[in-house]
Amino acid sequence: MSEQQAQEQSPELTVQDLTAMKSIIDVASSRGAFKPNEMATVGTVYNKLEVFLTAVAESQQTQAETAEDAPQGE
């Protein structure tokens, strides 16, 4: 296997993927897809996703504000 093939097959998980996963959990739980004994585990994962995505959004906002405040090159 060449290096290029290895790079093409390398796993990738983006913030957009995690946001989609959070939405999938929302929809599945609203439709009753989880058994009661599964809800604690699902809720734990959901809460972790929510905290992570909030932190990423805040980080991106801070970076955007920092970039706006930076002096422009002349």
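**View 1. Helix α3 (39–69) is among what covers the buried residues of helix α2.** Contact here means heavy atoms within 4.5 Å. Buried stands for under 20% relative accessible area, exposed for over 50%, and partly exposed for what lies in between (1.4 Å probe, protein chains only). The model is predicted, with local features requiring pLDDT of at least 70 and side-chain atom pairs counting only at pLDDT 80 or more, while totals for chains, interfaces and linings use all residues. Numbering starts from 1 along each chain as its sequence is written, and side-chain values use heavy atoms, leaving out hydrogens and water.

View 2. Along the sequence the pattern reads α-α-α. Helices (H or I, at least four residues) and strands (E, at least two) are DSSP runs, numbered from the N terminus. Of the 74 residues in the protein, 12% are buried. The accessible surface is about 6,300 Å², and carbon and sulfur atoms account for 54% of that surface. Such areas come from the Shrake-Rupley method with a 1.4 Å probe; for residues, only the protein chains shown count as cover.

**View 3. Helix α2 has a buried side and an exposed face.** Its buried residues are L18, K22, I25 and A28. These residues lie on the same side of α2, because they cover an arc of only 130 degrees around the axis. The arc is taken from the directions from the helix axis to the C-beta atoms. An α-helix has 3.6 residues a turn, so residues three or four places apart point the same way. On the face turned away from the buried side, Q16, I24 and S30 are exposed. Helix α2 runs over residues 15–30, and its 16 residues should span 22 Å at 1.5 Å a residue; the end C-alpha atoms are 23 Å apart, which agrees. The expected span is 1.5 Å times one less than the number of residues. G32 follows α2 and has a positive phi, near 75 degrees.

**View 4. The side chain of D17 lies by the backbone of T14.** D17 belongs to helix α2. With a relative accessible area of 32%, D17 is partly exposed. A polar atom of its side chain is 2.9 Å from the backbone nitrogen of T14.

**View 5. The buried residues of helix α3 pack against α2.** In α3, these are V42, Y46, L49, L53 and V56. The 31 residues of α3 should span 45 Å at 1.5 Å a residue, and the end C-alpha atoms are 44 Å apart, which agrees.

Methods: Polar contact = N/O pair within 3.5 Å; in protein donor to acceptor, adjacent residues only side chain to side chain.
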